[in-house]
Amino acid sequence: MNTPAHLPQAHESFIPLRETRIDALNLRVQQFEHRETGAMHYHLASENPENVFLVALRTVPQDSTGVAHILEHTALCGSERYPVRDPFFMMLRRSLNTFMNAFTSSDWTAYPFASQNPKDFRNLLDVYLDAVFFSRLDPLDFAQEGHRLEFADAESKDSELVFKGVVFNEMKGAMSSVASTLWQTLCHHLFPTSTYHWNSGGDPEAIPDLSYEQLRAFYQSHYHPSNATFLTFGNMPAEEHQAVFHEKALSRFQRLDHRIAVQPEVPLKEPVRVQQSYAFDEEGPLERHTHIVLGWMLGESSDLKQMLEAQLLSSVLLENSASPLQKLLETTDLGSAPSPLCGLEDSLREMVFCCGIEGSEAEHAQDLEDQVLQVIRDVAENGVPADQLEAVLHQLELHQREISGDGMPYGLNLILQALGPATHYADPIQALDLDPVIAELRERIADPAYIRDLARRLLLDNPHRVTLVMTPDRALSEQRQNAERDRLATLKSTLNDAQQNAIIEQTRRLLERQGQEDDPEILPKVTLADVPASLPQLSYTEGRSHGLPVTTYEQGTNGIVYQQLNCPLGDLDRDDLELLPQITAMATELGMGDADYLATQHRQSSTVGSINLFTSMRGSLHDEQTAQASLVLSSKALARQNQAQAELMRDTVQSLRFDELPRLRDLVAQQRARREQGITGQGHSLAMQAASAGMSPLARLHHELSGLAGIAALRKLDDSLADAAALEDFAGRLDALYRRITSGDWEALIVAEPGAASELADEAASVWAPLCRTASAALQLPPLRQKHRECWVVNSQVSFCAKAYATVPGGHPDAAALTVLGGYLRNGFLHRAIREQGGAYGGGASHDASIAAFRFYSYRDPRIVGTLDDFDASIGWMHTGEHTPAALEEAILGVIGSLDKPGSPAGEAKQDFHNRRFGRDYAQRMAFRQAVLAVTLDDLQRVTATYLQPDQASIAVVTGAAAQRDNADLFADLGMELRDLQG
């Protein structure tokens with residue numbers, strides 16, 4: 001319930017406006033206004049010790065040069081009080097932060113961080129405030145982070161000109177994603193007059209048009225407290241924050257009269273259809289690679305009633321496979337899978353509803369449009385069953401209650417939920433407290449005409465609609481490369497000697513600046529003395545209930561129950577292992593018993609917030625050739641659903657059916673589409689998996705199941721299932737394997753509120769009593785320890801490089817030093833060489849003790865050979881460079897911060913349970929933590945010499961076809977096998 005309270009305490013420079021208690025979230029939301037500048041501050045007062053800060057500026061670009069995005073990067077490259085070249089990345093390693101980043105959205109730019117340590121929080125707050133409001137904006141930082149011209153041979157005017165820049169290459173990588181291209185193209189036509197018409201991240205073709213002067217002008221007009229919103233969360237009081245805001249920043253500004261806002265879009269008078277092409281660089285036929293998407297512009301996202309009505313309608317149409325529109329998109333013969341854009345986008349001023357398909361042909365656009373509109377027409381005329389509407393509200397209620405925090409801090413999730421309305425001058429407190437509006441919606445859905453009216457008003461009678469058809473074009477990448485080359489050649493032909501010399505001089509000065517050693521002591525820091533003495537230890541109860549082993553954790557879950565059933569994964573042969581990803585992806589998407597998959601999907605939506613099956617695998621602490629694995633069925637639900645939740649879990653284990661063959665066929669196609677869409681977003685992880693595939697049996701399994709080899713196998717499987725006999729055989733193999741792997745020795749995990757967990761666990765265990773308790777042989781994988789060198793060709797304008805070295809598992813005495821070494825090499829060498837000088841969006845190194853491998857990586861990288869050389873050069877630097885205790889302390893702090901990072905209450909309990917099952921109990925984790933704190937510089941040099949021998953490196957490069965051709969000789973010299981996703 002939203003309860004008004006007394007006015008909160010405020011610093012004298014702020015006016016307290018209101019305080020509202022939100023019982024469902026167990027917090028008080030306080031609103032303040034800075035007297036001089038009008039800057040708003042919203043404080044989410046909580047008992048949570050993980051304090052969060054975010055300052056957001058409304059940023060409304062009017063072109064696709066990426067000015068807001070490049071400014072976000074450049075602002076973090078030195079400020080008035082902290083005039084060092086790279087304060088953001090320097091603070092990353094001088095801090096115990098649990099989150100540090102900066103975001104550029106379509107209409108705001110935000111600078112958030114979080115920390116559990118009050119001293120660390122205050123340090124970061126000082127640096128962030130100075131970076132945002134008093135940035136130096138050095139032209140050389142703009143050249144590094146945004147774009148610049150260089151000669152291919154840096155000192156030769158006779159060589160070709162090239163574009164370089166971190167954001168330039170980041171956006172080349174981002175726009176290699178078909179989903180990103182679809183979204184940007186749709187917005188371009190759906191918003192012909194507003195800021196959403198443009199690519200706020202930057203179009204690689206437009207980024208070089210941005211001048212330094214334009215960047216400074218944008219900073220002056222947008223980075224002002226009058227255009228800022230401050231949001232904080234945690235147990236530190238608002239007035240303490242405000243004293244710092246005022247003293248360190250706001251006191252130096254006066255109120256601006258100019259109000260920056262996104263202008264409302266001019267409504268379209270009739271629907272529009274657009275056909276464009278996207279770059280398709282893979283081999284094979286072009287057929288069935290067209291995307292067709294329908295997008296509608298809806299009402300204002302800052303109007304909470306409009307937003308929840310749009311969410312309600314979107315969920316009714318697309319919530320799961322039983323929803324009418326989702327069912328059409330999954331089963332239509334016009335395409336292979338639903339579009340990645342399906343759903344409601346409510347972060348813009350005006351919301352956007354999208355639906356569509358991929359794997360289609362351009363000539364199907366009219367048929368798809370007709371079928372989609374007919375489904376919506378059916379809802380507008382006939383409505384939907386009341387229990388389906390109630391299930392949608394059940395999902396909204398559960399989402400409102402859940403305390404997240406396993407990805408980014410819980411407080412930051414809440415802040416981002418409030419940020420949209422705050423950006424658009426609406427009420428963010430309403431956006432945090434959904435209970436009253438959910439209650440109102442529950443009353444409204446009792447009227448059958450309500451949902452019918454929403455379908456008609458928001459979609460059917462809404463002419464602001466764009467149908468986008470995007471077809472594959474194998475020549476487009478080469479045309480773009482040629483256009484860039486021609487642009488640079490033309491530009492070079494216009495340069496006189498002085499201008500050419502200026503380019504060479506800028507390159508020299510930038511290299512000099514990148515190589516300079518700033519005094520890190522200008523920046524505040526925490527030290528090892530600030531590190532907590534120990535990890536928090538969770539309490540739990542283990543016992544038996546109704547014959548089943550049950551572990552119970554009492555955590556503050558806000559009325560949600562988390563259930564898991566865990567079963568050791570027995571010995572499986574290679575064919576069985578290849579089927580595992582299909583089993584886990586499909587298990588909660590199929591029918592059960594007499595119920596088909598549609599009825600089962602509705603049952604899930606009415607009962608739980610989510611249910612999924614996955615495998616949990618870890619290498620042994622003392623032998624990388626040995627692995628343990630469990631099959632885990634996991635769900636979450638409101639406490640009142642505990643028994644129904646347990647029954648759903650039981651039936652999923654015992655009654656799953658594999659006889660709905662068309663459903664199996666659709667699910668494989670959808671899984672293929674999702675996996676292919678994710679390649680450019682996780683290219684560095686896929687490259688590391690490929691490079692590490694020879695390190696251990698588990699490393700190979702990761703590559704073959706979830707890596708690029710797994711995607712290639714999935715494509716081959718999908719193509720084979722067009723044959724009816726192959727599909728029937730596939731179903732039979734799935735059924736047989738599922739019966740086998742679910743007949744093992746089950747145990748249960750329950751995470752729930754203190755005082756309720758025991759009773760809830762007993763209730764669930766009574767339902768699970770019939771589950772099998774048969775011990776099985778342990779998983780056995782063939783031993784493996786060999787070099788592995790591959791180049792994978794994918795649809796990408798940039799590259800992802802990796803090298804891997806065989807090391808030791810987590811129980812070995814050297815594991816701690818190898819873990820610290822990853823951060824030390826990143827901080828001291830790789831960040832500068834790969835990101836700043838090389839132009840990649842990211843690069844680093846890490847040790848994966850579970851597979852006994854040390855990996856180097858780069859992300860969205862314009863280079864290949866230079867990056868591979870830099871990996872080796874970092875090893876040489878470790879042997880011969882100058883190393884300081886301060887740099888070692890920073891690397892250790894980074895590891896400790898990662899080990900100590902909190903999760904959600906439920907996430908921490910689940911992690912503790914699985915850690916203990918895999919031999920990583922509290923004592924082992926504390927011993928490893930102490931070993932990390934004791935690492936010395938001698939240890940780092942010793943493990944480097946012992947394990948990192950460049951001639952023994954495994955290598956993987958994930959890149960596009962053009963870069964593969966350009967580097968074919970290099971790959972041959974390195975003995976790299978050429979692979980593609982055709983299998």
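Why is helix H23 (residues 683-691) largely enclosed by the rest of the structure? Of its 9 residues, 8 are buried, so the rest of the structure largely encloses H23. This is a predicted model.

**Helix H23**
- The buried residues are Gly683, His684, Leu686, Ala687, Met688, Gln689, Ala690 and Ala691.
- They pack against two helices, H24 (697-705) and H25 (708-720).
- They also pack against four strands: S24 (789-793), S25 (800-806), S27 (853-859) and S28 (954-959).
- H23 lies across S24, S25, S27 and S28. Its direction is at about 35° to S25.

**The open sheet**
- S24, S25, S27 and S28 belong to an open sheet of 6 strands. The order is S26-S27-S25-S28-S24-S29.
- Pairing in this sheet is mixed.
- Strands S26 (842-848) and S29 (977-980) stand at the edges. Each has a single partner strand, so one side of each is left without a neighbour in the sheet.
- From one strand to the next, the twist averages 15°.
- S26 and S27 run antiparallel and are joined by 7 bridges. Asp848 has Ala853, in S27, as its bridge partner.

**Strand S20**
- S20 spans residues 560-568 and is mostly covered. Of its 9 residues, 8 are buried.
- S20 runs antiparallel to strand S22 (residues 627-638), with 9 bridges between them. Here Pro568 stands opposite Ser630 in S22.
- S20 also runs antiparallel to strand S23 (residues 747-752), with 5 bridges between them. Here Leu565 stands opposite Ala748 in S23.

**Nonpolar cores**
- In soluble globular proteins, nonpolar side chains tend to be buried together.
- The largest nonpolar core in this model has 85 residues. Leu565, Phe730 and Trp768 touch the most other members.
- Which residues is Phe730 in contact with, leaving aside its neighbours within four places in sequence? They are Leu579, Gln582, Met586, Val668, Leu717 and Leu721.
- A second, separate core has 63 residues. Among them are Phe134, Leu137, Phe230 and Phe253.

Conventions. Residues are numbered from 1 along each chain as its sequence is written. This is a predicted model: local features need pLDDT of at least 70, side-chain atom pairs count only at pLDDT 80 or more; totals for chains, interfaces and linings use all residues. Side-chain values use heavy atoms; hydrogens and water are left out. Buried means under 20% relative accessible area, exposed over 50%, partly exposed in between (1.4 Å probe, protein chains only). Contact means heavy atoms within 4.5 Å. A nonpolar core is a set of buried Ala, Val, Leu, Ile, Met, Phe, Trp, Tyr and Cys residues joined through side-chain atoms within 4.5 Å. Two strands pair if DSSP finds at least two bridges between them. Axes are lines fitted to C-alpha atoms, for helices over the stretch in contact, and angles run from 0 to 180 degrees between N-to-C directions.
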